[in-house]
Amino acid sequence: MLSGKTAVITGCLQGIGRATLDLFAEKGANVFACCQTSSADFVQHLEELSRKYNVKIIPVYFDLLDEAAVKQGVKEIQQAKMHIDVLVNIAGTNIDALFHMVTMEQLRKTFEINFFSQILFTQYITRLMLKQGKGSVINVSSISALDGNIGQLAYSASKGAIISATKTMAQELGPKGIRVNAIAPGVIQTTMTANLPAEAMHRLLSRSDINRVGLPIEVANLIAYLASDMSNFVTGQVIRIDGGIG
């Protein structure tokens with residue numbers, strides 16, 4: 001499905017990012033696995049993936065709050081001299097607070113990680129895609145960006161900004177052969193949703209047609225489709241994957 005492609009994936013340490021990394025390797029893609037920090041377990045996991053599927057898995061470490069570190073991460077990717085076919089922006093943060101309680105510091109930090117750094121990173125990586133005249137960018141937003149969610153003003157707003165940027169990037173980059181799409185996951189089984197209060201979880205799942213929490217691999221499957229040639233005529237879209245909450 002992804003054989004011969006090279007992908008850059010952020011947020012690979014856990015959750016949706018880890019599932020996407022594993023699936024891309026299984027489907028034959030080489031991957032630059034980006035995350036903030038390293039660990040012995042993570043490095044061992046990358047080595048095992050590489051051996052098992054006979055692909056290249058290259059770790060790249062940087063903090064999205066550090067612009068210089070982001071640039072250095074891109075430099076490491078460039079130095080590998082591999083064509084980049086896919087960028088998946090998954091890394092993000094969530095700082096919950098009710099509207100009257102959210103601080104400007106919380107807003108700035110959330111936007112810095114969930115929006116500003118993602119735009120900067122995407123600018124660099126899509127410039128590499130322009131050299132070959134094709135590519136696919138997948139941005140991970142949230143149904144909170146579309147529906148709103150109590151206590152998530154900063155998170156919802158930052159993910160909404162990603163959706164707007166996705167549509168603009170799709171229009172600008174489409175003629176140059178680069179597709180840009182966003183996905184909007186609902187309640188997915190990750191450490192982020194594990195911290196949701198029981199009342200909030202019940203409220204969300206009560207609106208779901210499937211009435212269960214989604215799995216990271218289910219989101220990864222959608223990302224793989226958008227990264228593959230099967231979606232060559234899909235761009236500028238925001239695809240919900242929420243079990244019918246919408």
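The lining of the largest pocket divides by class into 20 nonpolar, 21 polar and six charged residues (Ala, Val, Leu, Ile, Met, Phe, Trp, Tyr, Cys and Pro count as nonpolar, Asp, Glu, Lys and Arg as charged, and the others, Gly among them, as polar). You are looking at a predicted model, where local features need pLDDT of at least 70, side-chain atom pairs count only at pLDDT 80 or more, and totals for chains, interfaces and linings use all residues. Residues are numbered from 1 along each chain as its sequence is written, and side-chain values use heavy atoms, with hydrogens and water left out.

Let us stay with that pocket. The largest pocket has a volume of about 1,100 Å³. Of its 47 lining residues, Ile90, Ala91, Gly92, Thr93 and Met192 are the closest to its centre. On a 1 Å grid over the protein atoms alone, a pocket is an open set of points where a 1.4 Å probe fits, with protein on both sides within 12 Å along at least five of seven lines, and lining residues have an atom within 4 Å of a point. A volume is the space filled by probe spheres set on the points, which are joined across faces, edges and corners.

Now for two helices, α4 (104-132) and α6 (153-173), each of which supplies at least two residues of that lining; helices are DSSP runs (H or I, at least four residues), numbered from the N terminus. α4 and α6 pack at an angle of about 20°, with their axes 8 Å apart; axes are lines fitted to C-alpha atoms over the stretch in contact, and angles run from 0 to 180 degrees between N-to-C directions. The two helices α4 and α6 are therefore roughly parallel to each other (angles under 35 degrees). Their contact (heavy atoms within 4.5 Å) includes Phe111 and Phe115 of α4 and Tyr155 and Met169 of α6.

Notes. Angles under 35 degrees count as roughly parallel, over 145 as roughly antiparallel, 65 to 115 as roughly perpendicular and the rest as oblique.
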